Amino acid sequence: MKNILSVLLLLIAAISSYQIQAAEEDKPFAEERIVLQISDPNPFKQTLVLNVANNLIKAYGQDKVDVEIVAFGPGLRLMFKENVNSGRIQGLTDSGVKFSACENTIKGMSKKLGHAPELNSNAVPVSAGVVRIIELQNQGFKLIKP
Amino acid sequence: MNYKNKLLMNAIGAALLSSASTVQAANWLMLQGTEAPGQSARAKVWGFIQAQYQHDNSDANAGGGYNPPKLIGPNLDDQSAFNVNRARIGVRGTGFPLDSKVNYFILAEFGNNGITYGDDGKHLTDASITLNHIPGARIRAGLFKTPGAEEGLQAIHVFDYINFTTVTNQLLLERFPNSTCDGASPSAGPCVQTTTDLNNAASPTPDADMNQFSRSVGAFRDVGIQVFDTFKAGTWENSYAIMYGNGNGLNYGDNDSNKDLYLYLSTENVFGGKGGRREGLKMFAWHQDGKRTNAVNRTQEQDRTRSGLGFKYLQRPFRASAEYMQGKGMIFQGQHRPQHLFNDLEAKGYYVEGGWYIPNTKWEIDLRYDSYTRDENFKQPPTSPATPSAPGDESTFDTTTVGAQYHFNKKTRMNVEYSMRDAKSDTTAIDNNVKGINDRFAIQVTHVF
């Protein structure tokens with residue numbers, strides 16, 4: 001039993017190490033890793049979360065900070081293709097900011113709309129937004145909810 | 001699939017599914033008729049309040065009477081008044097936020113002005129739905145501002161002056177006369193009541209009571225349907241609008257079978273910013289064409305056309321704009337003479353104005369000159385000078401306005417303005433009344449929420 005437990009712990013440690021390594025590969029010189037949550041229907045929050053990402057890039061420099069914006073719930077509208085902020089999203093993507101879109105929310109919205117919402121090409125679907133945030137926190141990311 | 005592959009697949013998918021891109025332009029058509037895609041609220045509550053004081057220095061005529069330009073509206077009783085001239089509250093947004101292709105706009109007026117005068121102090125001014133499904137042809141239906149002159153189409157809470165130019169006030173701000181025909185039995189045929197004189201002679205103050213219209217002014221609005229859109233070409237935005245409406249102002253229904261056609265074109269080189277004070281150089285032209293039924297003789301109909309062109313330039317610290325307008329038919333003859341409104345006369349006018357934002361201060365200085373020629377080239381037949389429905393001969397109104405604005409913050413400002421006015425008419429009786437029109441002082445605080 002102890003052996004099995006030890007193997008499991010080693011496996012978890014190895015996976016975590018791999019994940020951290022993978023994150024570091026994207027931004028090997030990053031000194032800070034930040035995940036920004038957008039789950040609010042308030043339109044001003046969309047602008048705010050993009051402003052925060054932009055300020056982080058400006059403050060630390062593109063290579064010194066790893067920023068990922070995770071959208072779920074009503075906040076997913078930020079990553080709709082038609083969103084008025086699509087130009088800013090492209091600009092932040094060019095600066096290395098990643099955008100993750102919750103698949104659970106996409107499924108829920110698809111039912112209400114009768115079709116899947118068209119997403120911004122820079123948004124990467126993740127199985128669950130909240131799980132993605134936990135994964136990133138496990139990799140050393142700090143969670144900020146503007 | 002790793003993150004990069006997912007990103008690539010998503011990008012390819014998005015490219016394959018791409019459709020005509022939408023333009024979120026900051027012009028009046030788009031600002032009032034659309035919402036920011038993917039971002040608008042389900043219901044954004046907003047509005048503004050304007051509180052003002054005006055004092056008119058005009059002189060009475062020889063008989064001690066005053067006519068409307070010498071009195072403070074909308075009541076037109078006296079020469080000085082505090083007033084809450086606008087108090088509007090509204091809601092706008094996307095009722096179903098997941099679908100940005102449909103948005104709405106509703107706004108009500110509770111202030112004391114031409115919209116609400118005689119209407120229990122409240123009136124709906126806007127209630128529209130916009131469908132954004134067809135690229136290049138958005139559809140807006142309901143009650144809303146008609147595409148036209150800049151002074152009327154712009155959001156009034158960012159208007160740089162307190163009072164409209166005379167040409168906008170008289171030529172474009174349509175009045176709808178009271179009708180003693182209301183309630184007349186249709187079985188008797190079209191209502192004809194030529195014996196009732198609703199007009200009013202110049203009266204002494206206080207309680208001159210010169211406003212002989214109890215229906216809402218048109219407020220540059222109509223109920224109808226509009227097709228419009230804006231197209232980007234580099235830094236330029238090109239817009240068009242075609243509207244078809246009742247031609248009955250803020251009245252929800254139509255009072256005849258005639259409809260109005262509104263056409264609008266604009267092109268703007270956008271320098272930067274957003275919203276109602278976006279910087280740019282805009283050039284525009286517009287035309288309106290309709291027909292009106294005589295309020296007291298419903299066997300008579302009259303064409304009403306209006307058209308104009310102009311430009312607006314704004315790049316802080318400077319602002320400049322000018323517009324030329326002309327019209328034929330239903331030329332307004334005064335708030336005290338509703339029965340003179342039904343006519344086939346012509347009028348024209350223009351304004352030139354500019355502003356300077358004093359650097360590193362919250363002050364802005366404004367200067368405007370406007371001129372209006374009413375009943376242009378018209379001379380009354382000598383046989384009918386006393387007919388109640390006969391208008392006056394050509395009259396001219398020239399106004400120079402010096403103003404200042406103090407911006408407390410982005411949502412609150414104070415306007416102060418002093419207007420130097422001069423008017424004259426070829427008709428002796430009218431000239432006797434208008435030659436005493438003198439300067440007017442106005443101060444107003446606007447707060448937007």
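In strand E5 of chain A, the bridge partner of A:Val35 is A:Leu143.

Helix H4 (residues 103-113) of chain A has the buried residues A:Thr105, A:Ile106, A:Met109, A:Ser110 and A:Leu113. Viewed down the axis of H4(A), these buried residues fall within an arc of 140 degrees, so they line one face of the helix. The other side of H4(A) carries A:Lys107 and A:Lys111, which are exposed. After the helix comes A:Gly114, whose phi is positive, near 90 degrees.

Elsewhere in chain A, A:Asn85 is found in the loop between strand E2 (65-71) and helix H3 (86-94). This asparagine has a relative accessibility of 8% and therefore counts as buried, the cut-off being under 20%. Leaving aside residues up to four places away in sequence, A:Asn85 touches A:Gln46, A:Leu50 and A:Leu78, and also B:Gln39 of chain B.

The model scores ipTM 0.77 and pTM 0.87. Chain B averages a pLDDT of 90, and 90% of the residues score at least 70. Over residues 6-26 of chain B, however, pLDDT stays under 50; the model has 42 contacts beyond four places in sequence for this stretch. Where pLDDT is low, the predicted coordinates should not be read in detail.

Chain B contains antiparallel pairings. Strand E7 (residues 236-245) and strand E8 (residues 260-272) of chain B pair in the antiparallel sense over ten bridges, and B:Tyr240 has B:Leu265 of E8(B) as its bridge partner. E8(B) is also joined by eleven bridges to strand E9 (residues 279-293) of chain B, again antiparallel. Here the bridge partner of B:Leu263 is B:His287 in E9(B). The hairpin of E8(B) and E9(B) has six residues between the strands, and in this hairpin B:Gly273 takes a positive phi near 85 degrees.

A buried loop residue also occurs in chain B. B:Thr146 lies between strand E5 (138-145) and helix H3 (150-153) of chain B and counts as buried at 8% relative accessibility. Beyond residues up to four places away in sequence, its contacts include B:Phe220, B:Met243, B:Tyr262 and B:Gln288.

Side chains of opposite charge can pair when their charged atoms come close. Over all chains, the structure holds 33 salt bridges. In one of them, B:Arg316 pairs with B:Glu279, with the closest N and O atoms 3.2 Å apart. B:Arg316 lies in the loop between strand E10 (301-315) and strand E11 (318-328) of chain B, whereas B:Glu279 lies in strand E9 of chain B, so the pair ties together parts that are 37 residues apart in sequence. B:Arg316 is partly exposed, with a relative accessible area of 39%, whereas B:Glu279 counts as buried at 17%.

A further salt bridge joins the side chains of B:Lys291 and B:Asp303 (2.8 Å, N to O). This pair links strand E9 of chain B, which holds B:Lys291, to strand E10 of chain B, which holds B:Asp303, twelve residues apart. B:Lys291 counts as partly exposed at 29% relative accessibility, as does B:Asp303 at 40%.

The side chains of B:Glu353 and B:Arg319 likewise meet in a salt bridge (2.6 Å, N to O). It connects B:Glu353 in strand E12 (residues 346-357) of chain B with B:Arg319 in strand E11 of chain B, 34 residues apart. Both B:Glu353 and B:Arg319 are buried.

How values were computed: Residues are numbered from 1 along each chain as its sequence is written. Chains are lettered from A and ligands numbered from 1 in the order in which they are written. This is a predicted model: local features need pLDDT of at least 70, side-chain atom pairs count only at pLDDT 80 or more; totals for chains, interfaces and linings use all residues. Side-chain values use heavy atoms; hydrogens and water are left out. Helices (H or I, at least four residues) and strands (E, at least two) are DSSP runs, numbered from the N terminus. Buried means under 20% relative accessible area, exposed over 50%, partly exposed in between (1.4 Å probe, protein chains only). Contact means heavy atoms within 4.5 Å. The arc is that of the directions from the helix axis to the C-beta atoms. pLDDT is the predictor's confidence in each residue, from 0 to 100. Two strands pair if DSSP finds at least two bridges between them. A salt bridge is a side-chain nitrogen of Lys or Arg within 4 Å of a carboxyl oxygen of Asp or Glu.
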